[in-house]
Structures are given as structure tokens and as C-alpha cells.
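Subject: Structure handover

Hi,

Here is the structure I promised to pass on. Please open it and keep it beside you as you read.

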Amino acid sequence: MHRNDATKQFHSGDDRIAELIDESPAVDLPTPDTDVPMVSRSVRLPLETYERVRSAADARGIGVTTLMRQWIEAGLADLDDSATVSLADVRRALASLAHPTAA
């Protein structure tokens, strides 16, 4: 059935559209990467900003939305002083205190 015909049938209340749906083959949907319910939001970014985010995500081997979510979560954690830092970052900070660079 053509898309326009299906749309007309749907809007006219024709029951045959339900039959078409029932006859359609099952589709494998992607498995969510989390059990936590997610909310989708649209964010308008300047092209240059988006390209920088995409480049940073590519460098980390993760998706753009995953990186943005990580940054938002880190920013929120910083607001309420519940931020976590990696052990490697702590070691680097301690090492820089032990061996200050000459100015």
C-alpha cells in the first residue's frame, strides 16, 4: 500500500490499517544502553560548537549524546559538590604539587 493511501485510511478511521500493522513483520529494536528512563531534549548549538563536541566524542569513541550527557552530569555534580574524579586525575594533581614547574 502506498503511504498516502495508508494515511488516508488512518484518518478516515478505516480498520484495514490495523490489519496491515498486524501483518507486518516484527522489527528488532535496539536494546537501550541503560535501565534508567531517559528523556529526549532538543538543544540548539552553533555549528562550530557542535563540530567540536562531535570531534571530542569521536576521540573518546562514544556518541555525541553520550558525551553531552556525561558533561551535563559532571556539571550538575560540581554544583552540589558531589563530583567524582578519576584516580588518574588525582595522581596527576598530586604529582604536580610534589614537582612544581619552574616559572
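Below is what was found, from the overall fold down to one residue.

Please keep in mind that this is a predicted model.

Overall fold. The protein chain has five helices and zero strands. Read from the N terminus, the order of elements is α-α-α-α-α.

The H3–H4 pair. Helix H3 covers residues 47-60, and helix H4 covers residues 64-79. They pack at an angle of about 95°, and their axes are 9 Å apart. Because of that angle, H3 is roughly perpendicular to H4. On the H3 side, the contact is made by Tyr 50, Val 53, Arg 54, Ala 56, Ala 57 and Arg 60. On the H4 side, Val 64, Leu 67, Met 68 and Trp 71 take part. By type, the residues of this contact are eight nonpolar, two charged and no polar.

The core. The largest nonpolar core has five residues: Val 53, Ala 56, Ala 57, Val 64 and Leu 67. H3 and H4 are the elements that give two or more residues to this core. H3 supplies the largest share, three residues. As a general point, nonpolar side chains in soluble globular proteins tend to be buried together.

Val 64 is found in helix H4. Is Val 64 buried or exposed? Its relative accessibility is 16%, under the 20% cut-off, so Val 64 counts as buried. Setting aside neighbours within four places in sequence, Val 64 is in contact with Tyr 50, Val 53, Arg 54 and Ala 57. By the same rule, Val 53 is in contact with Val 64, Leu 67, Met 68 and Trp 71. Val 64 and Val 53 are eleven residues apart in sequence. In space, their C-alpha atoms are 6.7 Å apart.

Helix H5. This helix covers residues 87-98. How many of its twelve residues are buried? The number is zero, so H5 lies largely in the open. What span should H5 have? At 1.5 Å a residue, its twelve residues should span 16 Å. The end C-alpha atoms of H5 are 16 Å apart, which agrees.

Best wishes

Technical notes: Residues numbered from 1 in each chain as written. Predicted model: local features only at pLDDT ≥ 70, side-chain atom pairs only at ≥ 80, totals over all residues. Heavy atoms only, no water. Axes fitted to C-alpha atoms, helices over the stretch in contact; angles between N-to-C directions. Helix = DSSP H or I, 4+ residues; strand = E, 2+ residues; numbered from the N terminus. Parallel < 35°, antiparallel > 145°, perpendicular 65-115°, else oblique. Contact = heavy atoms within 4.5 Å. Nonpolar A, V, L, I, M, F, W, Y, C, P; charged D, E, K, R; others polar. Expected span 1.5 Å × (residues − 1). Buried < 20%, exposed > 50% of the residue type's maximum accessible area, 1.4 Å probe, protein only. Core = buried A, V, L, I, M, F, W, Y, C linked by side-chain atoms within 4.5 Å.
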